[in-house]
Structures are given as C-alpha cells and as structure tokens.
Amino acid sequence: MFKSSVFNLQEATADQVKEFLNSFDTVLSDCDGVLWINNSAIPGSAEAMNFFRKLGKRIFYVTNNSTKIRSDFAVKAQQLGFIAEPEEILSTAYLVAHYLKGIGFRKKVYLIGSNGIGDELKAVGIRHIGVGPDQVKQDFKSMNSSDLDPEVGAVVVGFDEHISYPKFMKAASYLANEQCLFVATNTDERFPKSSTVIIPGTGTLVRAVETCSERKALVLGKPHDYVRKFLESFGLDPARTLMIGDRCNTDIEFGVRCGFQTLLVMTGVTSPKDLERMRSDKKPPLPDVVLPKLGDILSLAS
C-alpha cells in the first residue's frame, strides 16, 4: 500500500495504520538487529511479534544466522519473550541441510562454519568435517594432498569464528575439482552493531573463498532465490506477506524480489544517515515503510 515509498509509519493516520495491519496475513521477520541483538531482545519486539500472532497472522523467523539449529533458535526466542516454534524458524543452517538432502547429496561436506550447520547436516544423514580450529603451522605452505579428504564433495561456508589460512587452503583445494559443490549460507557484510566494534559477517569469508578458489558460491540465504522457493511450499500470497528487516541489501531486497510488502527498522545495520541517503538517491531496493523500532507498531495500533 506504500510501495517503495520509504514512508515513516509514525506519520500515518489511524486509518492508514489499520489498513496497513489488514493488508498482510503472513509476517516474515529477520532476527538479529530486528528482534534482538546478541542475547538481548530489542524493547517491544517480542510484544510486537506476539501482537501480530494475536491478530491471526502467520509468523516465520527468517534469519541468515547459521550458528544455531532451529530448535535452539526457538528456545532463544522463547526465553526473550517471543512465541515461537522450531517449525517457524527458517535459518540458513537448516536451508543448507534441506538443499543438500533435496539434491540427493551423498558425499562428505567440508564445512567452514559452526556446529549449527554441522548438526543440521547430521540430522539429515550428511557427514561433515572442518568445524573448529585448524591451527596455522609454522610452514603454512606445507599442506599436501594427503591432508585432504577424498570423500569431500561439497564446500559449505557459513560463519566461522575459527577461520584460518589452512581452512582457506583446504576449501580452495577441494573446489579445484569442478564436481565439488560450493554452497554459502549468506553474504552479510557484518553483524548488527551492539558497540563501536565491527564484527565481520559471513560475506567476508564467502568472498575470500570465492577469491582463492576462483569460483562463485551458490548462496542460499536472503536475498537469494532458494529462500523464496522454500517459502512457496507454504503457499504464501506474496501480496499479503510482510517482510521485516534491518538491511536493505538482504531483507528488503529479498522482500522486493518476492513481491512482499517491506518494513525497515532502524535497530540494526541501517543508520539514520543511510536512511537519508536512501530517500535522497531513491536507489532500489527501497522499503515500503520505516519504523525506528518494531515495537513502535504497538502504540500506533492502540
């Protein structure tokens, strides 16, 4: 109803807010930077999501975070005050396992990532190696073919706090075989800021592996097509679906590509300066509506 207008929903009339709330049946929400940061809920976010549910909306939590399995995400959400079930969590760790199982993958995965992806792979019977530290040796060039597992048929890149030069070497070496699959969870540049410290995101690692392997990854997370295809199985009506996010180049672009309505919140990656630039440049993807924080919807709807 506010198509790509970057409209401040706080300036809407009561009738416009009511019309907006009646215009969607399904709510898809990003998590980090929209609902919580690290282990703290953003004030009002749980109440807002639970309010949508009370209105009869169908809820999905759509996250590019690959560090947890779906049940762990659900537990975290519940502990922070959200009503959530594992079936409502759509994480990139789950998408990786779902994708590889769907294509009948039977080999082993070399995983630059965490136990979140590893456990989802294990749940569908796919073996993996690579999780955890891989120490840099004094002579880091001494790696040879005997250090590589001949059963590996795919390299998966997610967030890995133990990233190292040997991991890049192994990933590139496996990917030298054109038959080896190359899959990535997402290409988010950084995590939402909770302080002045910048935390590089998975995109940093994906680009590095793409550079040294001279190959492009199949990216499964937002804003790419695999998430849309997965969601289609739930029979969503795009025109009556709302995507909530804090990033234009992932969440909002994903919503625009899918034909969803979009709501941008300012509690994560996007700054007020970014918003000013967005309105000035009018460079897509542009959100339909904007709120300082998701919880603000409650006072507007009252």
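Helices here are DSSP runs of H or I with at least four residues, and strands are runs of E with at least two, both numbered from the N terminus.

1. Basis. This is a predicted model, in which local features need pLDDT of at least 70 and side-chain atom pairs count only at pLDDT 80 or more, while totals for chains, interfaces and linings use all residues. Residues are numbered from 1 along each chain as its sequence is written, and side-chain values use heavy atoms, with hydrogens and water left out.

2. Lys-170. This residue sits in helix α6 (residues 165-175). Lys-170 is buried, at a relative accessible area of 15% (buried is under 20%, exposed over 50%, partly exposed in between, with a 1.4 Å probe and protein chains only). Its side chain makes a polar contact of 2.8 Å with that of Asp-134. A polar contact is a pair of N or O atoms within 3.5 Å; within protein, one must be able to donate a hydrogen and the other to accept it, and residues adjacent in sequence count only if both atoms are side-chain atoms. Beyond its neighbours within four places in sequence, Lys-170 is in contact (heavy atoms within 4.5 Å) with residues including Tyr-110, Met-143 and Leu-148.

3. Domains. The assignment, which is automatic or from a database, gives domain 1 (7-64 + 223-301) and domain 2 (94-219). Their contact takes 15 residues from domain 1 and 14 residues from domain 2. Between them the domains bury about 1,200 Å², 57% of it on carbon and sulfur atoms; buried area is the accessible area (1.4 Å probe) that two parts lose on being put together, summed over both.

4. Links across the interface. The rule finds 2 salt bridges between domain 1 and domain 2, a salt bridge being a side-chain nitrogen of Lys or Arg within 4 Å of a carboxyl oxygen of Asp or Glu. Asp-188 and Arg-247 form a salt bridge at 3.6 Å, N to O.

5. Other salt bridges. The structure holds 18 salt bridges. Asp-25 and Arg-240 pair at 2.6 Å, N to O. Asp-25 lies in the loop between α1 (14-21) and β2 (26-29) and Arg-240 in the loop between α8 and β12 (241-245), so this pair ties together parts 215 residues apart in sequence. Asp-25 is partly exposed at 36%, as is Arg-240 at 29%. Arg-228 and Glu-232 form a salt bridge with closest N and O atoms 2.7 Å apart; both lie in helix α8, 4 residues apart, about one turn of the helix.
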